[in-house]
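Please keep the sequence and the structure in view while reading.

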Amino acid sequence: MSESASFVDPVFLTRFGLTRINAIDYFLLSLNPFRTKAKTSNEVLSMQGITIGTLMQWGTGARPGPLSLEQGEEEYRVALSRLTGEQYELLPMSNNIEGMTPQQMAALFTIRHVRRTSHNHTTILGIYYILEGVIYKSPTVRGLMKANITRTLEGLKDACDALSVCARYDPSTGYSWKFDPDDDEDEDIQFYSSLQEKRKRRRRQILDNRRPGERTVEEEEGIRASEAIDRILSRLSKSDVVVKGKAIK
């Protein structure tokens with residue numbers, strides 16, 4: 001089942017309401033897709049007439065009633081610890097959760113699904129939340145990491161998309177960046193012209209220190225071919241396709 005799934009039974013909520021006394025009973029409804037199909041220790045206790053409500057009313061042999069809510073929950077946890085198998089535990093209410101009001105905290109119930117093998121040994125199978133009558137499954141560590149990585153990748157993609165419009169590429173000098181949002185075509189032409197001049201100066205440092213007669217035929221042909229390529233690249237750099245990103249029709 002998806003971790004984003006939820007369950008709510010409006011009939012139960014309308015008839016009985018939802019408190020810490022009947023939160024376990026609400027979770028164990030047969031219509032709840034989150035509950036286990038196996039018979040739980042909670043159902044065994046319920047058939048014996050042991051619930052948080054009855055413990056608050058009648059108490060136990062060692063602690064006669066009436067008991068407070070906290071005492072009733074404590075005695076219920078003691079009763080579960082005497083049994084083995086799959087169980088649902090109602091965790092104590094948190095005193096303070098950042099960002100939640102006292103009213104919201106009162107409507108929040110945390111239920112832990114465990115498999116008990118002895119009095120002191122349990123294995124956690126899942127954690128669920130009931131918030132204002134709606135049951136949710138707590139996300140796994142894998143789910144949390146996946147969501148965080150997805151948000152990080154989306155942020156990196158947005159950053160790359162934003163930077164891509166500022167990138168300028170020249171075959172000789174490589175990539176450079178222009179972060180000025182001004183779309184003036186003259187400035188773009190000047191930008192590419194300056195790159196072309198830098199490329200020419202760097203090439204002249206290698207070949208122009210020799211006289212024409214000292215260059216080989218291959219070097220002369222290379223210079224002429226490079227100048228022809230420069231002219232082609234210069235025309236391309238001034239076209240709408242490169243400067244403004246317009247598609248060719």
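Phe 34 and Tyr 128 are both buried, where buried means under 20% relative accessible area, exposed over 50%, and partly exposed in between (1.4 Å probe, protein chains only). Phe 27 is buried as well. The model is predicted: local features need pLDDT of at least 70, side-chain atom pairs count only at pLDDT 80 or more, and totals for chains, interfaces and linings use all residues. Residues are numbered from 1 along each chain as its sequence is written, and side-chain values use heavy atoms, with hydrogens and water left out.

A pair of aromatic rings is described by the distance of the centres and the angle of the planes. Rings of Phe, Tyr and Trp (its six-membered ring) pair if their centres lie within 6.5 Å; planes under 30 degrees apart count as stacked, over 60 as edge-to-face and the rest as tilted.

| Pair | Centre to centre | Angle between planes | Type |
|---|---|---|---|
| Phe 27 and Tyr 128 | 5.1 Å | 55° | tilted |
| Phe 34 and Tyr 128 | 5.7 Å | 50° | tilted |

Phe 27 lies in helix H2 and Tyr 128 in strand E4, so their pair ties together parts that are 101 residues apart in sequence. Helices (H or I, at least four residues) and strands (E, at least two) are DSSP runs, numbered from the N terminus. Phe 34, in the loop between H2 and H3, is 94 residues from Tyr 128. Phe 27, Phe 34, Tyr 88 and Tyr 128 form one aromatic cluster.

The largest nonpolar core has 22 residues, and Phe 27 and Tyr 88 are among those with the most contacts inside it. Such a core is a set of buried Ala, Val, Leu, Ile, Met, Phe, Trp, Tyr and Cys residues joined through side-chain atoms within 4.5 Å. Helix H2 gives the most to this core, with four residues. In soluble globular proteins, nonpolar side chains tend to be buried together.

Leu 29 is placed in the loop between helix H2 (23-27) and helix H3 (41-47). Apart from neighbours within four places in sequence, Leu 29 is in contact (heavy atoms within 4.5 Å) with Asp 9, Phe 12 and Arg 35.

At the surface, Val 141 counts as exposed because its relative accessibility is 62%. Val 141 lies in helix H7 (residues 141-164). In the protein as a whole, 29% of the 249 residues count as buried.
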